[in-house]
Amino acid sequence: FAAVVPASGSSALVERRGPDMCVSPPPPPSRVAPLEPLAFPKPREPLSVFLLGDSIAADYVPALALELGDVARLSRKSGNGKTSRHVLSWLHHALAARRRSERRGHGTESSPETIATTQRSSETSVATADELPARIDVLLLNCGLWDIRRFPGKTSCFVALDVYEANLGKVLQLSRQAVSETGKVLWVSTTPVDDATHNGIQQCFGRFEADNRDFAAAAARACGENGVDILDLHGFTAALGGNQELFRDHVHFHRNVGDAQGVFLGKAIRGRLEGRSGMRALRNCSVAFQRSLATVAMPAVLGAGLHLYRVVRIRLAR
């Protein structure tokens, strides 16, 4: 028999067993770890797309931002990028400013200088800034329309063709430092020029499509040497229709043309971003599944092996 009586001098209960009582030992603690919930990666924040271009970009930015949607957040340099010399100088100083900001212990997006110079257009809802964002996943670049200007009394373009090509090579090399480790630099080809339309309106300087094509070939060579993809906005725009239907002034386009350009660029960027982020998400899910599988399966395998070992040992003892 078994009886439970208070121990002397104590309020604890003590179990008293009879001499013939067979008591089973308590079960061993479980060796199987508790199941943990599957750990899937958290949703990514929108990727960052930064635009460094000329005044043509102002017309396609609204549609581009809408086309990117929740895949990426678009921002752009305030003002006009101007010539290749200006772009090279600005990028050099912007990178130096971002490095100084990082050494102070915070990214460019939170620095007082950027907050003071950042504004948001009510029409486009695209942030503009005088500094590079702390993180850039895609950097869109273009310059050329300012370079190909021909002023009266001059025999060459405002920026010589060979100088333009050399400047672009340096710009593309610096751009690699501006984007994240897995980021991408994309060149946007310069939009078409109609000689009669442009030079009939603009009297201070001229632009010519022949120069535009020569500079586009130089840009293509620089991009090829630096492994940079080209988004052919020139070819897309030229295929939209007659020049009289495209331009609202000497070089800028009507709103519907700018909208079409923004959709074209947005789809091209989305294709690259979704493909890359999709592969990254697939890899992340695969790693998370493998870790979760190991967490769930390994204790069960060890438990089954221990049980088998005990069964074999008992049978051999018989």
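**After the helix**

Guide: This is a predicted model. Just after α2, G105 has a positive phi of about 105 degrees.

Visitor: What span should α2 have at 1.5 Å a residue, and how far apart are its end C-alpha atoms?
Guide: The helix α2 has 20 residues. The expected span is 1.5 Å times one less than the number of residues.

Visitor: What covers the buried residues of α2?
Guide: Start with the residues themselves. The buried ones in α2 include V87, L88, W90 and L91. Their cover includes β3, β4 and α4.

Visitor: Where is N80, and which backbone nitrogen does its side chain reach?
Guide: N80 lies in the loop between β4 (72-77) and α2 (84-103). Beyond its neighbours within four places in sequence, N80 touches G53, D54, S55 and W146. At 2.8 Å, its side chain reaches the backbone nitrogen of K82.

Visitor: Are the residues on the faces of β7 buried or exposed?
Guide: In a regular strand, side chains alternate between the two faces of the sheet. In β7, V138 and L140 are on one side, with L139 and L141 on the other. Both faces are covered, and these four residues are all buried.

Visitor: Which residue of β8 is the bridge partner of V138?
Guide: β7 and β8 run parallel, joined by four bridges. The chain crosses from β7 through helix α4 to β8, in a right-handed β-α-β crossover. In β8, V138 has as its bridge partner K184.

Methods
Residues numbered from 1 in each chain as written. Predicted model: local features only at pLDDT ≥ 70, side-chain atom pairs only at ≥ 80, totals over all residues. Heavy atoms only, no water. Helix = DSSP H or I, 4+ residues; strand = E, 2+ residues; numbered from the N terminus. Polar contact = N/O pair within 3.5 Å; in protein donor to acceptor, adjacent residues only side chain to side chain. Contact = heavy atoms within 4.5 Å. Buried < 20%, exposed > 50% of the residue type's maximum accessible area, 1.4 Å probe, protein only. Pairing = 2+ DSSP bridges. Right-handed = clockwise from strand over helix to strand, strands pointing away.
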